Amino acid sequence: MLTRLLSGDTPRSGLLTVLLLIVVVSLAFAPFLFPGTRSLETAARICIFIVLVASYDLLLGYAGIVSFAHTMFFGIGAYGTALALATTGPSYGSLIWGTVAGAVVAAVFALAIGLFSLRVKAIFFAMVTLAVASAFAVFVSQMSWLTGGEDGLNYKIPRELTPAFKLVKEKVFGVRINGKLLAYYLVFFASTILFLVMLRIVNSPFGRTLKAVRDNAFRAEAIGYRVVWYRTTATVLSAVMAALAGSLLAIWLRYTGPATTLSMEIMIDILLMVVIGGMGTLYGAVLGATLFILAQTYLQTLMGVAAEATGAVPFVSTLVAPERWLLWLGVLFILSVYFFPSGIVGRLRAGRV
Amino acid sequence: MSADILLSLSGVHTHIGPYHILQGVDLQVPEGGVTVLLGRNGAGKTTTLRTIMGLWTASQGDIHFADREITRLATPEISRRGIAFVPEDMGIFTDLTVAENMVLAAASGPMEGKRLAWIKELFPPIGTFWNSSAGTLSGGQKQMLAVARAIIEPRRLILIDEPTKGLAPAVIKAMTDALRDLKDTDTTILLVEQNFAMASSIGDTVAVMDDGRIIHSGPMQALAGDAALQEKLMGLSLETHQ
Amino acid sequence: MSETSIKPRLEKIPLGERVFQRLPVLLVPLLAVTGLIAIGNPASWLTLTVAGLAMGMMIFIMASGLTVVFGLMDVINFGHGAFVAVGAFVGFTVLAWLAGWTASPSVMMNLAAVLIAILAAMLVTGLLGLAFERVIVMPVYGEHLKQILVTMGGLIVAQQMIHVVWGPDEMHLSRPEALQGSWVIGDAAIEKYRLLAVGIGLALFVGMRHILKNTRIGLLVRAGVENGEMVEALGYRVRRLFLIVFMTGSALAGLGGVMWGLYQETITAHMGSDIMVLVFIVVIIGGLGSVEGCFIGALLVGLLANYTAFLAPKVALISTIALMVVILMWRPQGLYPVVKAK
């Protein structure tokens, strides 16, 4: 039954299964295992980014399309929900119509971009998406009357999802059962469902054809598959998933702004996560996102300690200063591309560990 | 006349991606004279030339040129050893002028006057269109330029891939005459050709390829005069196949 | 006999065809005139046009390396911005050391200081380019996806190293004395530095065209862009050429970085990636591999950016994207696509 749930795409490696289980269990019971706001924030962020990175893997790993516009879709979803909540009040209705609107707009943009890619080569396409995403980010910042500009939007969400709402009077296992917890489980379950849906997509006939197109578009076209249609559909699906992830972020943070959704830093982060985790595996997204976000949150603390310790040695301490965590991740990224082109997941599967 | 073997391939296999194109090629090219490589489309003739030139690397077997192994050398090194290449698509730099194409080919410095004059005699359009962009030349003129480039510097071996493909009969004749002139200058030529009439008129030795292997080799005269053998090797009598 | 059988004929290209080929060049004056109509005031227009040309030149300097590298080596370097930033920081550091020279009112001393800064920056970025090509790019020749990923990784590492060496903050530097201020012509104020930028850009463009058209190495580059294999078959070690071109491209990016830095008078580690969006747009508009296309594209982008900044600031970047889309609709491979044999 578990195999059916995973659409037949099992981890295929003992160690990988163990790692994935650790991640899933930790996330499922995060409020109880790791009490405290910071850890809950981290856990929610991991859930959302798993969906976001998996959706990017769908595009990059399975369809073989390099695009830098992914944060744009993430942002569209987030802003859609945010604007709905800000304008029509903190109700479930707003939440739903905002999320749907975000997904639809993302789909339309993705369709336009997908059709445009008909006319240009892959390298062009990558650069064009970079340009379009940058323009979009600038545009959103400048439409401050609508989007709150650089400051973003703050809004209220339905009361049941806020800390003020108490479901159960007493603490359970030392944890308050309040709206925040409910919000977390909304994020967790939504992320799980979206991930499983993506697993279904890539393991369906559509997904298999997509991989064939990625490996040899010329041949696929010769056999009779309309390459353009497959690529466009993959782009649209990937964009919709990203938008939904954005909506989840909007609900969780109760804030949406260019820095949390549209920045190029996030795009680069996604790229790092998907490559280090393993392209074309979806599980890579799980490991990559977890590893990266944990590093982002906690590695810096560790590096801070190391910097203190090496304070006497001038050059070394600047290299391990906590702000330089991205340097090491960058080096890891480059090494991954060379030595583990199929990422951690690929390594684990190949080693039959 | 006894001839030393200038180029020899033994047991050469070449893989292009998943495709196993050359499946054990054994070929000997005697020094001086023209060796013709025949075979139907897809037999592996172009792949053989490209493998010799190092554009594709043999996965197995070895290639010797002038008694030294060149199997794993990089293309520029192979060229510097004295092998010139005229590819099927001619490889003309259309953005450059005829003169610039020739200058590039004369790698070791300015072009020697006598040699250039001889080339202009063999291929008059080279002189006429000296300063025009190579992109404006007709197919036949481009082919001439491609061969001219290969011979502006004296080379020991020239690999030519289907020089008469798609050319008008008058141009083919000019090309054949030029190759005959070239033969007289002690340059060895390995020629891939589909036009049997042309090939048999200047070829000394012939090798026939099929399915990535050499299935016949020997003097051209023997094959040219034997219609039955031609039928057997190529599936039809080539005399009628112009 | 062969002489008479092939009659040489050189067909004259019809006038209409020739105008059409020249059309992209006319786009620049076309845009300038449109700008004049839209802006109205000739003095403002002049100031903006000079600003636009200056900006365009600087982008051209930065983009030219990228486009030639792609055309010749089929390598896409998303880390190009790193050279821009490193160049700027090295240049600023040198200028700060030469503060005595830059504070002097003598034009010669100022220019000398700037020249030294530029040379230092180009040397450092050239060497950085060498390291980048050998270590990061060479292992992934031919694999575009990996190139994109690896060069982006290189960009991240380079930006972080700038922080390590120069600290986390931005760096300020005023332009040398003689290069500050503007010349006033009627109602228009034209900044001196911008004219210098235009001058350097033009000199560079002319220089590059000369090298490409009249030197052996230029010949090799032009031939290599079209058919690298054939160049190898003629006996040239193309890999060595690649390295030289890559280093030149990174040195040019460094030069562009210094100039851009002096234009803004403030530099940050991420200034390279900030400007890369415009650089990519310019390279796309011009056609991958074409120096002329890059030049025209850069001027168009520079002019458009400045005109829209004046007329409708909110749509500045979007208008640049719109320009790119329009041009791609007309010529899907850019203004002057390079004819590739592959």
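## A buried threonine in chain B

B:Thr35 is buried, with a relative accessible area of 2%, where buried means under 20% relative accessible area, exposed means over 50% and partly exposed lies in between (1.4 Å probe, protein chains only). The model is a predicted one, in which local features need pLDDT of at least 70 and side-chain atom pairs count only at pLDDT 80 or more, while totals for chains, interfaces and linings use all residues. Residues are numbered from 1 along each chain as its sequence is written, chains are lettered from A and ligands numbered from 1 in the order in which they are written, and side-chain values use heavy atoms, with hydrogens and water left out.

B:Thr35 belongs to strand β3 of chain B, residues 33-39; helices (H or I, at least four residues) and strands (E, at least two) are DSSP runs, numbered from the N terminus. Leaving aside its neighbours within four places in sequence, B:Thr35 is in contact with B:Val29 and B:Pro30, with B:Ile189, B:Leu190 and B:Leu191, and with B:Thr205, contact being defined as heavy atoms within 4.5 Å.

## The fold of chain A

Chain A contains 18 helices and two strands, and its C-alpha atoms fill a box of roughly 65 × 55 × 50 Å along the principal axes. For 353 residues a compact globule would have a radius of gyration near 20 Å, and the 21 Å of chain A agrees with this; the radius is taken over C-alpha atoms, and the globule rule is 2.2 Å times the number of residues to the power 0.38.

Of the 353 residues in chain A, 55% are buried. Among the contacts in chain A with a separation of 6 or more, 74% are made by residues 24 or more positions apart.

## Where chain A meets chain C

The contact between these chains takes 39 residues from chain A and 39 residues from chain C. Chain A and chain C bury about 3,600 Å² between them, 83% of it on carbon and sulfur atoms, buried area being the accessible area (1.4 Å probe) that two parts lose on being put together, summed over both. A:Ile123, A:Phe124 and A:Met127 supply 17% of the area that chain A buries against chain C, more than any other three residues.

Across this interface of chain A and chain C the rule finds zero salt bridges, a salt bridge being a side-chain nitrogen of Lys or Arg within 4 Å of a carboxyl oxygen of Asp or Glu. On the side of chain A that touches chain C, the elements giving two or more residues are α7 (122-142), α14 (264-277), α16 (314-319) and α17 (325-339) of chain A, and the largest share, 13 residues, comes from α7(A).

## Where chain C meets chain B

In the contact between chain C and chain B, 25 residues of chain C touch 33 residues of chain B, and the two chains bury about 2,600 Å² between them, 60% of it on carbon and sulfur atoms. The rule finds three salt bridges across the interface of chain C and chain B. B:Glu77 forms a salt bridge with C:Arg237, in which the closest N and O atoms are 2.8 Å apart.

The elements that give two or more residues to the side of chain C that touches chain B are α1 (2-5) and α9 (216-233) of chain C, with the largest share, 12 residues, coming from α9(C).
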